[in-house]
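Here's a quick tour of the fold you're about to see.

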Amino acid sequence: MFHSRLRVRVGPSMDKLVCITDKVNSGKAHDISSELFEGKVAINIKGFTNPSGKEHHAEYFDREDRKGITWSIQVQGRFLQPTSADDIMFGNTFDKRLKLPWGAGVALKFMKYVDPTLEHDLLSETKPWALSPLIATMPHFVHERIDDIRASPLLENRRSESSFPPSRSIGEDTSQLQFAIASSNSSSSTYLTPYSSNSTFVTPSPSLSIASSSSNLSSLPKMPGSLGVSSKSSLRLPLEKAHMKKNKKGRIFGRALDLRTTSERRSYFSSPQHRQEIVFGPEDLITTDFCYGYLQFKPTLALRISGGMTFDLMKYWDRHPVRFVCCKRRKPEDGERSDGQPTGDLYWIVSIETADESDIHQEDSTPGQGI
């Protein structure tokens, strides 16, 4: 059916969305770059049918650890301005009032069960939205500190030989999050590095090097000393001193968080206070895979929840884009955005949309290329 044909657009903002339909399920990533974020995004959708009616299968869905998954948004990148993990949000925004079906209350309770940190205004008459802190909502999350990576040729070579998205599924590794804990007892945050010459840090685990590798980290720009760091020497604090660094309330910063599983991370960062202790900046490489099985795109767009309930979203969708956004938390003092979005600054957007006749004609006229 025509309404099941899709196109996918991505970009750093609403006015810079680029169609990457040809890259869906291809194992290829699309670069996203702005003054706020630099990274890559790769999309997999089970049963994906492009505007020409062609279905592309992804190897991703054959993996044992991705059985039952129907869609995936994999992202790897850096937030270029130091920002609290409590203020980096991920979720959905919509352009119009949603025509919610009977029983929508059950679906909303299901969403809250899946993600207790969810905040939303899905009943908005203008711009409905549903957002959660990224660090608490992602089912797969890897963090790596990369500020002094050039000092280690071994690590740099290992990353230059890899690619994104990785051939093995993105997993869970937060062993270096301790280096993103910022001291609150000064006006500028203090950042630590695992690659310091005085550090006792060990080589990242194999799962980290596979999951969070960048295709060419050597091309990353040198980090200026003004990125919330009081001085270059603050990047080279010995770990034994960092573990004893306290603020006025006696809290220890630089401690190992020891979050070994997804559930432990999500539980720990369900606390706003814990999220506020973490600051991500250009020295933090973050790799995520937002993947679930509760949305299906074939034979029609539908929401499946526990208990066997299924909602045919095509009856209520009204051709809304299914838009996933990573954005900054909107504060009361921020005021209205020029693009009307109910968010703070945007880092990246993935928009899954129904294709129209112009999409089909355009793809047919440019064989071998994306639309």
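Keep in mind that this is a predicted model. Our way in is Asn 25, which sits in the loop between β2 (18-19) and β3 (30-33). From there we move on to a sheet, the nonpolar cores and some aromatic pairs.

- Beyond its neighbours up to four places away in sequence, Asn 25 touches Ile 43, Asn 44, Ile 45, Phe 48, His 56, His 57, Ala 58 and Phe 61.

**The five-stranded sheet**
- Read across, this open sheet runs β3-β4-β5-β14-β10, with antiparallel pairing.
- β3 and β10 (140-145) are the edge strands, each pairing on one side only.
- On average, neighbouring strands here are turned by 15° against each other, ignoring direction.
- Inside the sheet, β5 (residues 71-79) and β14 (residues 284-292) pair antiparallel over seven bridges.
- One spot to look at is Gln 74, whose bridge partner in β14 is Asp 289.

**Nonpolar cores**
- The largest core holds 44 residues, and Val 8, Phe 280, Trp 348 and Val 350 have the most contacts inside it.
- Elements giving two or more residues to this core include β1 (6-11), β4 (37-45), β5, β14 and β19 (346-354).
- Val 8 touches, among others, Ile 43, Ile 45, Phe 48 and Val 350, leaving aside neighbours within four places in sequence.

**Aromatic pairs**
- The count comes to 13 aromatic pairs.
- Trp 71 and Phe 324 make a tilted one, at 5.1 Å centre to centre with 35° between the planes.
- Trp 71 is in β5 and Phe 324 in β18, so this pair ties together parts 253 residues apart in sequence.
- Both partners are buried: Trp 71 at 2% relative accessibility and Phe 324 at 3%.
- Phe 79 and Tyr 347 go edge-to-face, at 4.8 Å centre to centre and 80° between the planes.
- With Phe 79 in β5 and Tyr 347 in β19, that pair links parts 268 residues apart in sequence.
- Phe 79 is buried at 2% relative accessible area, and Tyr 347 is buried at 3%.
- Ring pairs also join Trp 71, Phe 90, Phe 290, Tyr 292, Phe 324 and Trp 348 into a cluster.

Methods. Residues are numbered from 1 along each chain as its sequence is written. This is a predicted model: local features need pLDDT of at least 70, side-chain atom pairs count only at pLDDT 80 or more; totals for chains, interfaces and linings use all residues. Side-chain values use heavy atoms; hydrogens and water are left out. Helices (H or I, at least four residues) and strands (E, at least two) are DSSP runs, numbered from the N terminus. Contact means heavy atoms within 4.5 Å. Two strands pair if DSSP finds at least two bridges between them. Axes are lines fitted to C-alpha atoms, for helices over the stretch in contact, and angles run from 0 to 180 degrees between N-to-C directions. A nonpolar core is a set of buried Ala, Val, Leu, Ile, Met, Phe, Trp, Tyr and Cys residues joined through side-chain atoms within 4.5 Å. Buried means under 20% relative accessible area, exposed over 50%, partly exposed in between (1.4 Å probe, protein chains only). Rings of Phe, Tyr and Trp (its six-membered ring) pair if their centres lie within 6.5 Å; planes under 30 degrees apart count as stacked, over 60 as edge-to-face and the rest as tilted.
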